[in-house]
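Subject: Structure for your review

Dear colleague,

Please find below the structure that I am handing over to you.

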Amino acid sequence: MSPAIVLESVSKRYGSKTIIHDLSFTVARGEIVGFLGPNGAGKTTTMRMIAGVTAATSGRVTVAGYDMATQNTDAARQIGYLPEHPPLYDTLSVSAYLRFVAKVKGVDRAALPVELERVTTACRLEAVVRHEVYKLSRGYRQRLGLAQALLGKPDVLLLDEPTAGLDPGQIQETREVMRSFGAEHAVLLSTHILPEATLICHRVAIINRGRLLAIDSPRGLERAVEQTNRVRLRVTAPAQSLREELLSLDGVNAVEIHASPGDHDVLSVECQVDAREGVEARIARAVASRWDLHGLERQAPTLENVFLKYVKDAPVERETA
Amino acid sequence: MSGTLAVYHKELSTYFRSPIAYFVVAVFLLGTGYFFLYNIFLTGDATMAETFQNMGVLLLTLIPVISMRLFSAEYSARTMELLLALPLEPWQIVLGKYVGAVTMLLLMTAGTLIDLVPLYLFGNPETLTILSGYIGFVLLGMACLAVGQFFSSLTQNQIVAALITASVLLGFWFVGHLQSFQTSYALRSLSGYLSFALHFADFIRGLVRTEGVTFYLVVCATALTLNASYLQWRR
């Protein structure tokens, strides 16, 4: 079966400004792909192109086998889209709003009550079904936006920052919804919250300035940047001899020594080390045999480091008119 | 079709939950009632002719208030994002909204029927002339709404949409007055043909002419087509 979302060399220009450069990736059914990037990276524009809200300037976007340039209405039946700001009608009640979206998505009149029940339960909206939308709190608005996207059991779910504005409990529930939905369908979610991507995404795409910098599993991305491993230690020792000792060890590439704030006897040391196992044990042995070692920790690469590395390392280029 | 219908139902429930709609209907009915009484007592004739004339001008000032929110509010509330992502063609969005607005127009028009009660009780009015006036009034309203809806789709600022619509509608209303300044026959005919007021005057006199009906319908069709094309182009 072909992937549910396919982007082939997609670009988007507004006037002379290119927002998205030659973007290509796919999202398969049963896969949750996280979209990471700083503000203004082009995440929302990409989401909007996949959702059919705006058209690509060049390249091809295919969703559920439909070309978004020519068959976007057919494709729209297979897409659930939650934009950055939940698109709600304040004057309608929650149930009237959901009924409107369901009708447009072609949910059968007979199946309507069951379908509404399904999404209100999944998004925990039972308590507010009769409320008017303008009275809802931020968390409920966000969840109503998600409920709207789930209506009609779409093949593809596009979620732009779905957990923004939710409290920790609601975030947990929303992740469960995404996870269970992602088991059979394709989910593309953009997020600022890196642990979220690590927790629920099968793959993560990092984009910046409209370009795809990397796409891989969170673990794969972390492995790729493992050379940035660091070991931190706190030691009471003369700075000069400590530096010489550390640099003489196999696997230690660079050493930075600072005085610990508030505790002048203790030095705070940061070593840049190889990705190999056992470097920290060697450091611990060498230091502890001569001086007082108060603490040692190895910083494993986190997605946050990965993200920062990619985003920082991306070449800055000028827009060409 | 079901998409258009769903948009239509959503539009209607939006109207009935918005204070602006009630305000517009109230102002229109009060205004019409006032003009009706004034004209009846002034002329003593059992006719709606003067009242229709006044209703036309009243309509021209109130239509922008109805039409301004049609698309501008969708842009500013970011709900346009939803409409564009749903399985709806631009023309379905345009049509659903337009038919909703025309329903409001028909309700407003139906409200003025109460003025006919004293007319028939105490006088002997010409039913066909009144009917023709009402047909003209509804056609005029439909054309104005279509123009207003188009301008609403161009901006997310409702006030700007209302001001542009009001200016354009006033232009169409008064363009007939330019006739007297034109020496060339073509320009005279054109400014007469484009005039909302002159066509409406025919209907008030009891003349339902193909030319007038066609004119209003062409204005509707043009504005709505531009509206849908603009949405498509914006994508």
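The notes below set out what was found.

**Conventions and confidence**

This is a predicted model, in which local features need pLDDT of at least 70 and side-chain atom pairs count only at pLDDT 80 or more, while totals for chains, interfaces and linings use all residues. Residues are numbered from 1 along each chain as its sequence is written, and chains are lettered from A and ligands numbered from 1 in the order in which they are written.

The predictor assigns the complex an ipTM of 0.88 and a pTM of 0.83. For chain B the mean pLDDT is 91, with 100% of its residues at 70 or more; pLDDT is the predictor's confidence in each residue, on a scale from 0 to 100.

Helices (H or I, at least four residues) and strands (E, at least two) are DSSP runs, numbered from the N terminus. Two strands are said to pair if DSSP finds at least two bridges between them.

**The strands of chain A**

Strands β1 (residues 5-14) and β2 (residues 17-27) of chain A run antiparallel and are joined by seven bridges. Lys12(A), for example, has Ile20(A) in β2(A) as its bridge partner. The two strands form a hairpin with two residues between them, and Gly15(A) in the turn has a positive phi of about 65°.

Chain A also has an open sheet of six strands with mixed pairing, in the order β6-β7-β8-β3-β9-β10. Its edge strands, each pairing on one side only, are β6 (79-82) and β10 (211-216) of chain A. From one strand to the next the twist averages 15°; such angles run from 0 to 180 degrees between N-to-C directions, and axes are lines fitted to C-alpha atoms, for helices over the stretch in contact. Within this order, β3 (residues 32-36) and β9 (residues 203-208) of chain A pair in the parallel sense over four bridges, and Gly34(A) has Val204(A) in β9(A) as its bridge partner.

Two helices lie across strands of chain A. Helix α5(A) lies across β6 and β7 (156-160) of chain A and runs at about 170° to β6(A). Helix α6 (residues 168-182) of chain A lies across β3, β7 and β8 (186-191) of chain A, at about 150° to β8(A).

**Helix α3 of chain A**

Helix α3 (residues 94-104) of chain A is mostly covered, with nine of its 11 residues buried (20 or more other C-beta atoms within 10 Å of the residue's own, C-beta atoms being placed from the backbone). Among the buried residues are Tyr97(A), Leu98(A) and Phe100(A). Their cover includes α4 (112-122) and α5 (138-150) of chain A, together with α1 of chain B.

The axes of α3(A) and α4(A) are 11 Å apart, and the helices pack at an angle of about 115°. In this contact (C-beta atoms, placed from the backbone, within 7 Å), Ser95(A), Leu98(A), Arg99(A) and Ala102(A) meet Leu112(A), Glu115(A), Leu116(A) and Val119(A). After α3(A) comes Gly106(A), whose phi is positive, near 85°.

**Where the chains meet**

Contacts between the chains involve 19 residues of chain B and 23 residues of chain A. On the side of chain B that touches chain A, α1 (2-16) and α5 (80-85) of chain B each supply at least two residues. Of the elements there, α1(B) gives the most, with six residues.

Yours sincerely

Notes: Buried ≥ 20, exposed ≤ 12 C-beta atoms within 10 Å, placed from the backbone.
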